[in-house]
Amino acid sequence: MDKQIKYETVLELAEDIMLELSEAEIQVILATDKSLKTKFEKVTSINTDNVEPLFYPFDKNHDFLREDDQPYNVEQTAVLANAPSTDGEYITIVKVVK
């Protein structure tokens, strides 16, 4: 993992996405890249021989979902009867957008 991102590559990428980076911003990007690569080197250096892969991080897969309730429907006539104003089968409201 000794590939380092080059200064010129950062400039090309910035130009491709139409960014104008200052010298300080470019240096931050290069330093962040170096830091990330150092951290990944540490992770990849861990010996994982004889370690069984886990597809779920816990021993038991818990399912905490509740059962679905039966839907509650209100009859259209009851809704229209409670509406302040109606127009046939529709509820009418005051216009709020000019």
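These are my notebook entries on a predicted model of a protein chain.

**Entry 1: overall layout**

I began with the secondary structure, and I found three helices and two strands. Walking along the sequence, I read the order as α-α-α-β-β.

**Entry 2: overall dimensions**

**Entry 3: surface and burial**

How much of the protein is buried? I got 6% of the 98 residues. For the accessible surface I wrote down about 10200 Å², with 57% of that area belonging to carbon and sulfur atoms. I then turned to the contacts between residues at least 6 apart in sequence, and 32% of these join residues at least 24 apart.

**Entry 4: helix 1 against helix 2**

Helix 1 covers residues 7–16 and helix 2 covers residues 23–44; their axes come within 10 Å and cross at roughly 115°. I checked the hand of this crossing too, and it is right-handed.

Which residues of the two helices meet? From helix 1 I listed Tyr7, Val10 and Leu11, and from helix 2 Glu23, Ile26, Gln27, Ile29 and Leu30. Sorted by class, this contact has six nonpolar residues, one polar and one charged.

**Entry 5: Glu75**

I picked Glu75 next and placed it in the loop between helix 2 and helix 3, the latter running over 76–82. Is Glu75 buried or exposed? Its relative accessibility is 58%, and the cut-off for exposed is over 50%, so Glu75 counts as exposed. I also took a distance from here: the C-alpha atoms of Glu75 and Thr86 are separated by 15 Å, with the two residues 11 apart along the chain.

**Entry 6: Val97**

My last stop was Val97, which I found in the segment after strand 2 (90–91). Val97 counts as exposed because its relative accessibility is 60%. How far is Val97 from Thr44 in space? I have 59 Å from C-alpha to C-alpha, for a pair that is 53 residues apart in sequence.

With them goes the helix 1 and helix 2 crossing at roughly 115°, with Tyr7, Val10 and Leu11 on the helix 1 side of the contact.

Methods: Residues are numbered from 1 along each chain as its sequence is written. This is a predicted model: local features need pLDDT of at least 70, side-chain atom pairs count only at pLDDT 80 or more; totals for chains, interfaces and linings use all residues. Side-chain values use heavy atoms; hydrogens and water are left out. Axes are lines fitted to C-alpha atoms, for helices over the stretch in contact, and angles run from 0 to 180 degrees between N-to-C directions. Helices (H or I, at least four residues) and strands (E, at least two) are DSSP runs, numbered from the N terminus. A crossing is left-handed if the near helix is turned anticlockwise from the far one by less than a right angle, and right-handed if clockwise. Contact means heavy atoms within 4.5 Å. Ala, Val, Leu, Ile, Met, Phe, Trp, Tyr, Cys and Pro count as nonpolar, Asp, Glu, Lys and Arg as charged, and the others, Gly among them, as polar. Buried means under 20% relative accessible area, exposed over 50%, partly exposed in between (1.4 Å probe, protein chains only). Accessible areas come from the Shrake-Rupley method with a 1.4 Å probe; for residues, only the protein chains shown count as cover.
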